[in-house]
Amino acid sequence: MSSAVDVLTARDVPLGGPRSMTVRRTLPQRARTLIGAWCFIDHYGPDDVGATGGMDVAPHPHTGLQTVSWLFSGEIEHRDSLGSHAMVRPGELNLMTGGHGISHTEVSTPATTVLHGVQLWVALPDEHRHADRDFQHYVPDPVHVHGAEISVFLGQLAGSVSPVRTFTPLLGAELVLAPRAETTLAVDPAFEHGLLVDEGAVRLSGTLLDRAELGYAAPGSRTLTLANETDAPARAVLLGGPPFGEEIVMWWNLIGRTHQDIAEARQAWEAASDRFGEVEGYPGDRLPAPALPNARIAPRKNPAHR
């Protein structure tokens, strides 16, 4: 198996409604739809909330996925139609399951001055894509290996195991590398991996990744070597899982398997059906669904491995 690392660059995307903030999106894109079951990576900040207004995402729906919120700085208030009301804080995982349907809001708190983090989605496999609504919160204890501090929020790495429930095997971890440090991590050879660099410049298995770039490593390797090429600490998020063998249809905040799945979910949201429930405590209107494209939404899948 080739040890080459593909480099995926981000594009800027407005997040939310009229008061949108700009995020950097590295997944999905034409070159790659998924890494394991990870299907969506938004990377934002450091964002001066005083200048930009921060995050204010009105009630919106999700189907067929889990959302993973992870912050480096700031605080976000989460409310959902399951009745969950929680804060997203640095180093604390909030995972929400929106299988058959859920809705939620995300608002940065008044105490936040700098907002900085990632918002991630996990596609649910077909047999679980109508799972019940769920919400989990977990605070991992950082572990230290040679040259790195690692916080494992999903799966297992470096002897740390997350208890958070997922529907496919996954890895999710924040890594902080000391200046000029190099570390080699044992990983599952059945997993493909993606490394998103948040701060600094990190060499992944010989390939240099700059800030906001995502490095993709195909399955087959039992180790990954990360090297910080700077004189300051570097931070990255490592994601992984076995290749997701299903095609998915992604549109707006919804994941299905066919165009019809999406059309039905959109119609249910616009009709304010019980499928998505109601979010209490948000002082504003729901986000309206955009119009469906004229053409049928095509399924997405990954390119074949080299």
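User: Which residue is the bridge partner of Thr67 in strand 11?

Analyst: Some ground rules come ahead of that. This is a predicted model, where local features need pLDDT of at least 70, side-chain atom pairs count only at pLDDT 80 or more, and totals for chains, interfaces and linings use all residues. Residues are numbered from 1 along each chain as its sequence is written, and side-chain values use heavy atoms, with hydrogens and water left out. Strands are DSSP runs of E, at least two residues, numbered from the N terminus. Two strands pair if DSSP finds at least two bridges between them. Here, Thr67 has Trp121 as its bridge partner in strand 11.

User: In which sense do strand 6 and strand 11 run, and how many bridges join them?

Analyst: They run antiparallel, joined by eight bridges. Strand 4 also pairs with strand 11 in the antiparallel sense, over eight bridges. There, Asp42 stands opposite Gln119 of strand 11.

User: Is strand 11 largely enclosed or open?

Analyst: Check accessibility. Buried means under 20% relative accessible area, exposed over 50%, and partly exposed in between, with a 1.4 Å probe and protein chains only. In strand 11, nine of the ten residues are buried, so the strand is largely enclosed by the rest of the structure.

User: Gln66 is in strand 6. Is Gln66 buried or exposed?

Analyst: Gln66 counts as buried because its relative accessibility is 1%. Its side chain makes a polar contact with the side chain of Thr97, at 2.9 Å. A polar contact is a pair of N or O atoms within 3.5 Å; within protein, one must be able to donate a hydrogen and the other to accept it, and residues adjacent in sequence count only if both atoms are side-chain atoms.

User: What lines the largest pocket?

Analyst: Rolling a probe the size of a water molecule over the atoms shows where empty space is left. On a 1 Å grid over the protein atoms alone, a pocket is an open set of points where a 1.4 Å probe fits, with protein on both sides within 12 Å along at least five of seven lines; lining residues have an atom within 4 Å of a point. The largest pocket has 29 lining residues, with Arg25, Phe40, Trp121, Trp252 and Asn253 nearest its centre. Strand 2 gives the largest share of that lining, four residues.

User: How much space lies in the largest pocket?

Analyst: About 610 Å³. The second largest pocket holds about 280 Å³. A volume is the space filled by probe spheres set on the points, and grid points are joined across faces, edges and corners.
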